[in-house]
Amino acid sequence: EGRYVIGVPPGLATLAISYTGLDTQSVSLVLEAGREVVRDVALTSNIYKMEKFVVEGERESSALAITRQRQAANIKNVVATDAFGTMTDDNVGLFLERVPGVNPETNTGTVRSVMVRGISAELNTVSMDGIQLANSDTSGTNRQFDFLQASISMLESIEVTKAPTPDMPANSIGGNINLITRTIFSRKDPRSFNYSIGVTTNVGELADIKPRVEANRRWYAEPVKGFSPSVSFNFTDVYGKQRNIGLTLSYSSNIRFLSTYGNSPVYVVTPLGQPAPITSNAMWVNPAGASTRQNKTVKFEYKASERTVVSLTAVHTESYLVNDARTHTLAAAAARLTPDSTEFLTEALPAPDTRSALSQSAFHQRQNNYRFGTAIVHTLDKWKIDYAATLSKSDALTARSSKICSTRRAPRG
């Protein structure tokens, strides 16, 4: 309750009172033997006394995103793409992993899909401006959306719906992720030009995984050893005598040498009779060349009246991955493992049933996602009516080559 009793000898004393975030106060006291001295101290801080200040570079999309989330009829997170600053990787999946209830799934060193509320990515839908996007996943025949086919540079905000509504398709069991493109007439200042220039690199253990094919490198992919460029820009402006024709241009290019490492530990009973993890499978994925992702977006908007806006949108996203994967698989009975085997160093004794296999596969993956759409939005006093027609196309091509080497050790003697 803020009441303290302190016993000190008679004489002069200085009492110092402090609290986090408030200014410290010092009180001088004259203490007499057998007499109690009471002092009440009220702490304050100069931070409460603010001078005039000016906020520059306001983020209008953040305010709009918060308003949409407050007005939502169901459980929904609406996050503006500028809420976390500039993202060099230009990956929507990396952005979504910061949203509560969303878990990323990585593949070949980058986020390829996400789970909503712990439900499989195959049971989530991804849409753009409310229309579901086409998807082609190079990793197999599944229904999950590959975020290599989307770019964050063209987006104003992202809506994550965690409780499906009746108007959503049946495959939105986990939720829906809606990518909202920029609209020029919702901004205070329609004319803007934003750009970003950065570099990407691998750190830690991933930096030690070196490229296998140096011939595939280009000078622009790695102008400085270990660093690859990333650029993006957005341009918006309005034209016409009535300033009712809007143009939005967006471009981004990201180059990376993706590397990844993983192992699969299993628990077995070792010869010492104790369960311990050992490594049965280890995989290294080396960059056999530069992995690139480019996005180009053009959007025209026509403001027919204060209540009606017509828009035309064209989006093309292309990704290209070049990787070289090596997998080492160890097959051995638990009784054949040495007593000191661990998940970091696993050793098997020579035996007919001990097998060690090394496989190598190189693959090139190219994905293209196209979207052409037109929309008309009528904003009434209490209603908003929109019409939309969209053509969404996605294609993927994977070229693979593989080689497997297997060895078996016979018993000694």
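This is a predicted model: local features need pLDDT of at least 70, side-chain atom pairs count only at pLDDT 80 or more; totals for chains, interfaces and linings use all residues.
Residues are numbered from 1 along each chain as its sequence is written, and side-chain values use heavy atoms, with hydrogens and water left out. Helices (H or I, at least four residues) and strands (E, at least two) are DSSP runs numbered from the N terminus.

**Salt bridges**

- Side chains of opposite charge can pair when their charged atoms come close.
- The structure has six salt bridges, each being a side-chain nitrogen of Lys or Arg within 4 Å of a carboxyl oxygen of Asp or Glu.
- One of them joins the side chains of Asp146 and Arg112, at 2.7 Å from N to O. This pair links distant parts of the chain, with Asp146 in the loop between E7 and E8 and Arg112 in strand E5 (residues 110-116), 34 residues apart.
- Asp146 is buried, at 1% relative accessible area, and Arg112 counts as buried too, at 6%. Buried here means under 20% relative accessible area, exposed means over 50%, and partly exposed is in between (1.4 Å probe, protein chains only).
- Glu159 and Lys76 also meet through their side chains, at 3.8 Å from N to O. Glu159 sits in strand E8 (residues 155-161) and Lys76 in strand E3, so this pair ties together parts that are 83 residues apart in sequence.
- Glu159 counts as buried, with 13% relative accessibility.
- Arg35 and Glu32 form another salt bridge, at 3.7 Å from N to O. Arg35 is exposed, at 58%, while Glu32 is partly exposed, at 47%.

**A five-stranded sheet**

- Five strands make an open sheet in the order E3-E8-E9-E6-E7, with mixed pairing. Two strands pair if DSSP finds at least two bridges between them.
- At the edges are strand E3 (76-80) and strand E7 (131-132), each pairing on one side only.
- Strand E6 (residues 124-128) and E7 run antiparallel and are joined by two bridges.
- Ser127 has Gln132 in E7 as its bridge partner.

**Around Thr317**

- Thr317 belongs to strand E16 (residues 308-331) and is buried, at 2% relative accessibility.
- Its side chain makes a polar contact with the side chain of Asn295, at 2.8 Å. A polar contact is a pair of N or O atoms within 3.5 Å; within protein, one must be able to donate a hydrogen and the other to accept it, and residues adjacent in sequence count only if both atoms are side-chain atoms.
- Leaving aside neighbours within four places in sequence, Thr317 has contacts (heavy atoms within 4.5 Å) that include Leu148, Gln149, Arg293 and Asn368.

- Rolling a probe the size of a water molecule over the atoms shows where empty space is left.
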